[in-house]
Amino acid sequence: MTEPASLKSVLEQLAEAEKARAEPSLTSRQRRARTVARLAAVQALYQMELAGEGVDTVITEFSNHRFDADIEGQPLAEADEAYFAEIVRGVVGAQREIDADVKARLASNWRMERLDSTLRALLRAGAWELRHRPDVPKEIVIDEYVELAKAFFDDAEAKFVNAALDGVARDVRAS
């Protein structure tokens with residue numbers, strides 16, 4: 001794992017990547033809000049795992065303190081808070097199912113527990129969206145989580161996220 005990037009640099013990197021793709025039927029502001037929601041969801045899932053906090057506690061904390069806060073000079077207020085909460089609650093509610101989806105794409109001797117906590121959060125959020133949000137094109141879901149992986153890890157992990165989520169998409173979506 002590389003040194004964690006600053007929140008500002010992560011958001012700048014995601015904004016640059018967003019220019020290369022477009023989620024249909026959403027304005028650029030709505031797409032940006034979803035990107036920030038995905039980043040926050042990964043952070044929330046990571047926090048829940050490490051601190052053992054419950055889903056409602058973490059969602060409330062983000063809503064009350066993080067989305068309106070100015071972190072490293074970057075406000076998170078533009079996040080789609082409803083989408084963020086949907087991802088976090090969805091991952092928690094369907095964790096057994098999405099872990100099975102991801103595990104099917106790991107090497108036979110790998111277990112979810114062996115993965116880095118941030119990588120687990122990325123894969124779980126991406127797999128949940130692929131399985132439960134068929135209205136979002138799979139290319140958008142995969143690209144977003146690959147870009148998030150690039151913000152936290154080296155190229156090898158980003159490629160791993162790409163391959164794993166592409167495999168999950170083939171498994172859970174008809175097209």
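Trainee: Among contacts between residues at least 6 apart in sequence, what share joins residues at least 24 apart?
Mentor: In this predicted model, 70% of those contacts in the protein link residues at least 24 apart.

Trainee: And how many helices and strands are there?
Mentor: The protein has 8 helices and 2 strands. Along the sequence they run α-α-α-β-β-α-α-α-α-α.

Trainee: Okay, what about burial: what percentage of the residues is buried?
Mentor: Of the 175 residues in the protein, 48% are buried. The accessible surface is about 8500 Å², and carbon and sulfur atoms account for 48% of that surface.

Trainee: Let's zoom in on Asp-101. Where does Asp-101 sit?
Mentor: You'll find Asp-101 in helix α5, which covers residues 95–103.

Trainee: Is Asp-101 buried or exposed, and why?
Mentor: Asp-101 counts as buried because its relative accessibility is 10%, and the cut-off for buried is under 20%.

Trainee: Which residues does Asp-101 touch, leaving out those up to four places away in sequence?
Mentor: Asp-101 touches Arg-131, Val-168 and Val-172. With Arg-131 there is also a polar contact between the side chains, at 2.7 Å.

Trainee: Switching to rings: how many aromatic pairs does the structure hold?
Mentor: There is 1 aromatic pair in the structure.

Trainee: And what lies over the face of Tyr-83?
Mentor: That's Arg-34, at 4.1 Å from the ring centre of Tyr-83.

Key:
Residues are numbered from 1 along each chain as its sequence is written. This is a predicted model: local features need pLDDT of at least 70, side-chain atom pairs count only at pLDDT 80 or more; totals for chains, interfaces and linings use all residues. Side-chain values use heavy atoms; hydrogens and water are left out. Rings of Phe, Tyr and Trp (its six-membered ring) pair if their centres lie within 6.5 Å; planes under 30 degrees apart count as stacked, over 60 as edge-to-face and the rest as tilted. A charge sits over a ring if NZ of Lys or CZ of Arg is within 6 Å of the ring centre and within 35 degrees of the ring normal. Helices (H or I, at least four residues) and strands (E, at least two) are DSSP runs, numbered from the N terminus. Buried means under 20% relative accessible area, exposed over 50%, partly exposed in between (1.4 Å probe, protein chains only). A polar contact is a pair of N or O atoms within 3.5 Å; within protein, one must be able to donate a hydrogen and the other to accept it, and residues adjacent in sequence count only if both atoms are side-chain atoms. Contact means heavy atoms within 4.5 Å. Accessible areas come from the Shrake-Rupley method with a 1.4 Å probe; for residues, only the protein chains shown count as cover.
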